[in-house]
Structure formats: C-alpha cells, structure tokens
Amino acid sequence: MDLKVLRATIKKEFQIRLRAYPVDFMLGCILTSFYTVFGAWMMYHYFFGKRLATDFSNLTGTSDYMSYAIVGSLVYMFVVRTCLNVSRRLITELREGTLESLMLAPFKRTSYFVGNMILQTIMTLGETAIAMVIGVFFGLKIHDFCFWKFVIALILSIYGFFGLSLILGCVMIYTRDTYISQNTLFTAIFLVCGITFPKEYLPGILQFVGNIIPVTDCLTLMRADFLGGLTNGRFIYIAMRIFLVGSVYVFTGFPLLKQLEKIALEKMEG
Amino acid sequence: MKYFFKVMLAESWKQHRNYFSNKLIYVSLFLWPFLSFMASYYSYKVFDIEGSVVSYISGGNIMVFLLIGYMGMSFFRSVVQSAWHFSFERQSGTLEYIYLSPASRMAVILGNALSSVFEGSVAMAVFGALIILYNKESLSINVIGLVTVIPIFLCVALLWGAFLNACFLYSRDTDFLFTVLEEPMEIFSGVKVPVSIFPGWARVISCIFPLTYALEALRQVMLNSADISSVKNVVIISLVIILVLLSATLITIHIVEKHMRKTGNVILF
C-alpha cells in the first residue's frame, strides 16, 4: 500500500469536507439515529407498556430491549455513514469532473479507498459518540463490557463495511445512480440485519440475505460487547465468519471496481 | 378558471412524464415503503402485542393498523418528494421560464402536487389491495365514513404538497425542510405508534403534521367502524388545515414573487 497516496487522500478529503460541504448532512445522520431510538422508546414504554414477547430474551440473550435497540441503531448509523461516503467517492469524482484527473495521477486504488475509509471512520466515531450520549438518555446501559472484544469487533466491522462499500460503489458507478441504490441497500439492511429486532423473526429467505451481509454478524458482536450473552467460542466463530465474508467482498470489490472504472470513463461523455 | 385548470393539468402531466421516464421510480414508490413496513411489522414482534394499551389494536389487526399507517405515509412522502424535485426546476434553469410565462403560480404548484398525488394513489391502491387480501376479517369499515374521509385526506395531501412546493420556491437552500419533515413525519404522525398514547410534548409536535389527523380518521373508520359523528372533530380540524394551507400557499407565493422582484434575479433569488 502506498502510504503517500493514503496520507494525501485523507488530507484532500478532510479539506473537501471542511470547505465544500455543510455540516447538515452529518446532523441528518445523527437525527436518523435519534428517530430510530425514539420510535423504539415510544413502542416500548407507551405502546406496549414494557411488555416483551416471551421469546425475546431467549433469542437475544438480554431482556434490556432499549439497550438492544440503541446499539442496533448506533451500528446502523455507522454502516450508513461509512458505506455512503466510501462508495460514493468515485461517482462523486465523476460528477465533480475530477475522475479523469484522478485516473491520470499515480493513483493507487487500495490506498485511495483505505484513506477514505480511515477518514470516514474517524469522523463517524465522533458522530456515534454523540448519538451514544443521546442513547444514554433513552436508557442505554452497558451490562458486560470487554475492551479487547470491542476492539476486535470494531476492526472486523470496519473491514466488513469497507467490503460492502466497495460493492455498493461498483453498483453506483455502473448505474450512475446513488439515490436509489444507496437507499434501497440501507432500507434492506434495516430489515434483514436485525437492527431493532432479532433476525430470527424473519422468514428463512430474508434471514439468509441477512447472513450474507456482514452487518448482521458485526451487530451480534457489538451487542455481545455491550450487553453480553455470547460465549467466547461463539464470539470467535462469528468473528471468523465476518472476516471471511468481508474478504469475499473486498477481493471481489477491488477488481470489479477496476473494470467498472473503465466503463465509467468510456461513458463519461455519453 | 379554464386557463387555471389547463396550466394545472399541463404541469401535472409534465411532472408525471418527468418522474416516470426513469423506471427506478417504482423502487422508491413501492419497494421502500414495503421494506420499511416489513421492518416495522417485525419490530412489533419483539413485544407482547395482546398487551397493547390501545383498545382497538390486537394481534389480529396490528398488520392492518400498520398498513394504513404506511399507506398514508407513502402518500404524503411522495408529496414531500415532489416539492423537493420541484427545486430541481431552479437548478436546471426552467423555473425562470415558468415565472416569465403568464401561467398562474398557484396552478403550476397545484399541478406539481397533483402529479405526486397520482403516484401516491397507485401506491395506495397496492397497499389497499394487500390489506383486503390478507386481513379481510380484521377490518371493521364504516363505508359512509370512509367515503367522506378519503376525499378530505386527498385534499389535505394535495395542499400540503402545494404549500411545501411554495416553500421550495423561496430559496435554493431549503433542503433542510426535507430533513425536518421526512423522518419526523413517520415518527410523530402516528404511522407506527398511535398518537393517542403519546406523551404531551410529543402530541404537541404531532399536531403540526396533517398526516396525523388523516391517519387517525382513516384508522377509526376502517378498524373501529366509526361513523361521521365519531370522527367529527378530526374532519373539522382537517377542513381548517385545508383552509390554512391554502392561504399559507397563496401568501408564500406572493412573498416569493415580491422577494424575486426585490433581488432582481430570477435564477438566483
């Protein structure tokens, strides 16, 4: 990996964020997380008077629904923010008219995307921290926190989400659309990955779709870090699964993106 | 008046062709509301549904309750989106032609909202068919009530769209309206959780959204077999909203025009 390109990408992207885009986009994502948590809070406290279904604790290993839903919404926010920004990078370059110059420059794909991902992860961690403070007011409680497990889950999540972003980026650059593809993916993730309810409630086919999206497993690990309810053996098994699925995404995403860039450049004037 | 309707129909036909030229519109029109509906339905499974504090909601009709919510939501959402799309007229430079033409501003705005009401009607018909197909026995419809409530619901949606369109005419930087109105509408107008059980402060916020009243009336006549007298209050409030929105739209159009004349720039005002 070319560290010079990596550093330059981070610097360039940070300056773009600072100078060219308003902060309301970031605010919008924090608000989305707030609305999800608020909706869950209303249902739990007011609609159903804190009465949970009998199988909830068996399926999730916790009876703290609010913490379960808040951790889900925080991870969802993390996915949306990282995927959105990394996958949109090339098409944004195309729209802003800089894709051609980027391709002419000594441009290393791996460093460029990893640079984008690092910057986005740092920024998103800040946003997640703000959303977490809001979550505390709605009843987020940490039951069983293990620092090392959290670090492992975080690194694997970033890896998995990075792979997902590359595939989404491929779809975007091929269809030249961001609005429909990103929103369809995010709405689908919200349904199949168990953000506010256990995925076991879903029909088999949707559970299968959920299993091939790394978000589901990352969420299981993150929940285990904060709420417990997962044995070490199971933790390692799920971690390995994320690594495998993430690798499939990453190693399919890069070559595919390279091919699609060529098509994008050909179609650029069309 | 003849010209008013002519402009209105022409604008709605233009916008309809504009939206449906791209087949991906069907994804946002059908797939997104359907996926969101499913996510909400499964998130109810976490709870003991029979323990709901609302008398007319049970395990049997919770799906219908939610479908009505999403049906209304998709309808209002397409109206909000139409207003957002209208801001593209400014970016593509066609807004100045509209202003230079003798067309009535109100007719153009209503035409734009009307085209999205059509889109909404299609989505609504599909959702409605799903309700009837799967849950005939859990419905308890008062036909006269329903026939009265639906046109009022359509008028409220149309004028809500017209008002938002007028707001988007004022400035380039109105995207925040979209952020403020899109998701809070889903939460506060009772799409997933009935407004009647909201805490006081949340109920105050819910009063802002016309969808709140529309959903309340629709659910009462479809699930609780309520007649006109039972939903009288909601109907009166809806009629007041129609009048308020109509005047607010006219005033906004006037302010926009005045502002434009003052700044003297048709594109960048």
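# Helices and contacts in a predicted model

User: Which are the buried residues of H12(A), and what makes a residue buried?

Analyst: In H12(A), the buried residues are A:Ile242, A:Val245, A:Gly246, A:Tyr249, A:Gly253, A:Leu257 and A:Ala264. A residue is called buried if 20 or more other C-beta atoms, placed from the backbone, lie within 10 Å of its own, exposed if 12 or fewer do, and partly exposed in between. This is a predicted model, in which local features need pLDDT of at least 70 and side-chain atom pairs count only at pLDDT 80 or more, while totals for chains, interfaces and linings use all residues. Residues are numbered from 1 along each chain as its sequence is written, and chains are lettered from A and ligands numbered from 1 in the order in which they are written. The buried residues of H12(A) pack against helix H5 (89-96), H7, helix H8 (147-175), helix H10 (204-212) and H11 of chain A, where the helices are DSSP runs (H or I, at least four residues; strands are E, at least two) numbered from the N terminus.

User: How do you know that the span of H12(A) is close to the one expected?

Analyst: The expected span of a helix is 1.5 Å times one less than its number of residues. For the 36 residues of H12(A), 232-267, the expected value is 52 Å, and the first and last C-alpha atoms are 50 Å apart, which is close. Helix H11 of chain A (214-227), with 14 residues, likewise reaches 20 Å, close to the 20 Å expected. In chain B, the 32 residues of helix H10 (232-263) should span 46 Å, and because the end C-alpha atoms are 46 Å apart, the two values agree.

User: What makes A:Val71 a buried residue?

Analyst: A:Val71, which is found in helix H4 of chain A, has 24 other C-beta atoms within 10 Å and is therefore buried. Leaving aside residues up to four places away in sequence, A:Val71 touches A:Met222, A:Arg223, A:Phe226 and A:Leu227, where contact requires C-beta atoms, placed from the backbone, to lie within 7 Å. The C-alpha atoms of A:Val71 and A:Leu227 are separated by 9.1 Å, although the two residues are 156 places apart along the chain.

User: Why is A:Lys50 called exposed, whereas A:Arg176 is called partly exposed?

Analyst: A:Lys50 has 12 other C-beta atoms within 10 Å and is therefore exposed, whereas A:Arg176 has 13 and is therefore partly exposed. A:Lys50 lies in the loop between H2 and helix H3 (56-60) of chain A, and has a positive phi of about 65° although it is not a glycine. A:Arg176 lies in the loop between H8 and H9 of chain A, and its phi, near 55°, is likewise a positive value in a residue other than glycine.

User: What makes H4(A) and H7(A) roughly antiparallel?

Analyst: The axes of H4(A), residues 65-87, and H7(A), residues 109-137, come within 9 Å and cross at roughly 150°. Angles over 145 degrees count as roughly antiparallel, those under 35 as roughly parallel, 65 to 115 as roughly perpendicular and the rest as oblique, so H4(A) and H7(A) are roughly antiparallel to each other. Their crossing is right-handed, and by class their contact has nine nonpolar, eight polar and two charged residues.

User: Why is H1(B) called oblique to H5(B)?

Analyst: The axes of H1(B), residues 2-20, and H5(B), residues 105-135, come within 7 Å and cross at roughly 45°, which makes H1(B) oblique to H5(B). This crossing is right-handed.

User: How many residues of chain A are in contact with chain B?

Analyst: 30 residues of chain A are in contact with 27 residues of chain B. H2(A) gives the most to the side of chain A that touches chain B, with eleven residues. By class, that side has 19 nonpolar, eight polar and three charged residues.

Key: Contact = placed C-beta atoms within 7 Å. Nonpolar A, V, L, I, M, F, W, Y, C, P; charged D, E, K, R; others polar. Axes fitted to C-alpha atoms, helices over the stretch in contact; angles between N-to-C directions. Left-handed = near helix turned anticlockwise from the far one by under 90°.
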